[in-house]
Every structure is written in structure tokens, then in C-alpha cells.
Amino acid sequence: ENLTVFAYEAHGGKLTDIYLREHVRTIRKILPYRIEEWATFSNVGDWRVKVVFVAHEIALEQTDRIFNIDGVSIAIETTTFSDFLNSFELAVITPLIEEYVLIPLSEARVPESIRQKIRNVIAT
């Protein structure tokens, strides 16, 4: 309804300018497909995209960026996993942890070594 796309990109390490530039390059490649879709039912210039990079460490010269690709406003924001998780209330995040972490970890295809790594992280 408000013509905004929210995308979250989990990055498993230190978020650098090089990584971010490459990701923006991929946005430039896929955005024309979204623009074509949006044009069938709305004014493309009314759309906004917000990409939030969530990483263990942010090592960028400039952390928040806004730019325009093919008439669409793209806002890039960054946050750490710690800050991201702390922004949720426990009642909101608990079912998400169940659905996206605990249930997938219990699947037979997940090696025991991965489960042990998770237990080690939780224990610290």
C-alpha cells in the first residue's frame, strides 16, 4: 500500500565497502525486473526500496546511503546483529527464533557439528 520494499541482508562477518558496492551492483541488475512488474499497476517513481544490512561488524566509510536507480529511491542502512535483535521485544522474536532457527536446526539434513556450534555460541 505504501509502495515500499524492505529487504534485509544478513552478512556473516565484517561488512565492508567492497561488499556493499558489489551488492548494489546486483541491485542494479535485478531492479529492472521489479520495475517492469511495478509498472503494470503503479507509477514506478512512487516506489522506494530500503535495504538493511545486518552484520557482526560494520566497517564502512559511510554507513547510511540513499541513491536513485532508474527512478527508484534506494536507501541502504546498516546495523549489527546485536542491535537488530535488541530492537525486538521478546514476545515478537521468540516465535521467529522457533520458526527460522530451532525448527530448521532439528531437521535430519543438518549435521550434528552445526548443532554443536550453535550450542557453543549460546553457552558463551
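Modeller: Happy to! First, the term: on a 1 Å grid over the protein atoms alone, a pocket is an open set of points where a 1.4 Å probe fits, with protein on both sides within 12 Å along at least five of seven lines. Grid points are joined across faces, edges and corners, and a volume is the space filled by probe spheres set on the points. This is a predicted model, where local features need pLDDT of at least 70, side-chain atom pairs count only at pLDDT 80 or more, and totals for chains, interfaces and linings use all residues. Residues are numbered from 1 along each chain as its sequence is written, and side-chain values use heavy atoms, with hydrogens and water left out.

Biologist: Great. What volume does the largest pocket have?

Modeller: About 590 Å³. It is lined by 18 residues, and Phe-81, Leu-85, Ile-93, Ile-97 and Val-101 are the closest to its centre. Lining residues have an atom within 4 Å of a point.

Biologist: Which element gives the most to that lining?

Modeller: That's α3, with 7 residues. At least two residues each come from β1 (4-16), α2 (81-86), α3 (90-105) and α4 (112-123). Helices (H or I, at least four residues) and strands (E, at least two) are DSSP runs, numbered from the N terminus.

Biologist: And how does the lining of the largest pocket split by class?

Modeller: There are 17 nonpolar residues, 1 charged and no polar ones. Here Ala, Val, Leu, Ile, Met, Phe, Trp, Tyr, Cys and Pro count as nonpolar, Asp, Glu, Lys and Arg as charged, and the others, Gly among them, as polar.

Biologist: What about the second largest pocket, how much space lies there?

Modeller: About 240 Å³. Of its 14 lining residues, Ala-7, Ile-27, Ile-30, Val-49 and Val-51 are the closest to the centre. Two or more residues come from each of β1, α1 (17-39) and β2 (48-59), and α1 gives the most, with 7. By class, the lining of the second largest pocket has 10 nonpolar, 2 polar and 2 charged residues.

Biologist: Switching to the strands: in which sense do β1 and β2 pair?

Modeller: In the parallel sense, over 11 bridges; two strands pair if DSSP finds at least two bridges between them. Leu-15, for one, stands opposite Ile-58 in β2. The chain goes from β1 through α1 to β2 in a right-handed β-α-β crossover, meaning that, with the strands pointing away from the viewer, the path from the first strand over the helix to the second runs clockwise.

Biologist: Nice. How many salt bridges does a search of the whole structure find?

Modeller: It finds 7, counting a side-chain nitrogen of Lys or Arg within 4 Å of a carboxyl oxygen of Asp or Glu. One of them joins Asp-17 and Arg-65 at 2.7 Å, N to O. That pair links distant parts of the chain, with Asp-17 in helix α1 and Arg-65 in strand β3 (residues 65-69), 48 residues apart.

Biologist: Is Asp-17 buried or exposed?

Modeller: Buried, with a relative accessible area of 14%. The cut-offs are under 20% for buried, over 50% for exposed and partly exposed in between (1.4 Å probe, protein chains only).

Biologist: Which residue does Arg-109 meet in a salt bridge?

Modeller: Glu-107, at 2.8 Å, N to O. Arg-109 is exposed at 66%, while Glu-107 is partly exposed at 31%.

Biologist: And which residues are linked in a network of salt bridges?

Modeller: Glu-112, Arg-115 and Arg-119. Within this group, Arg-119 and Glu-112 meet at 2.4 Å, N to O. Arg-119 is partly exposed at 39% relative accessibility, and Glu-112 is partly exposed at 44%.
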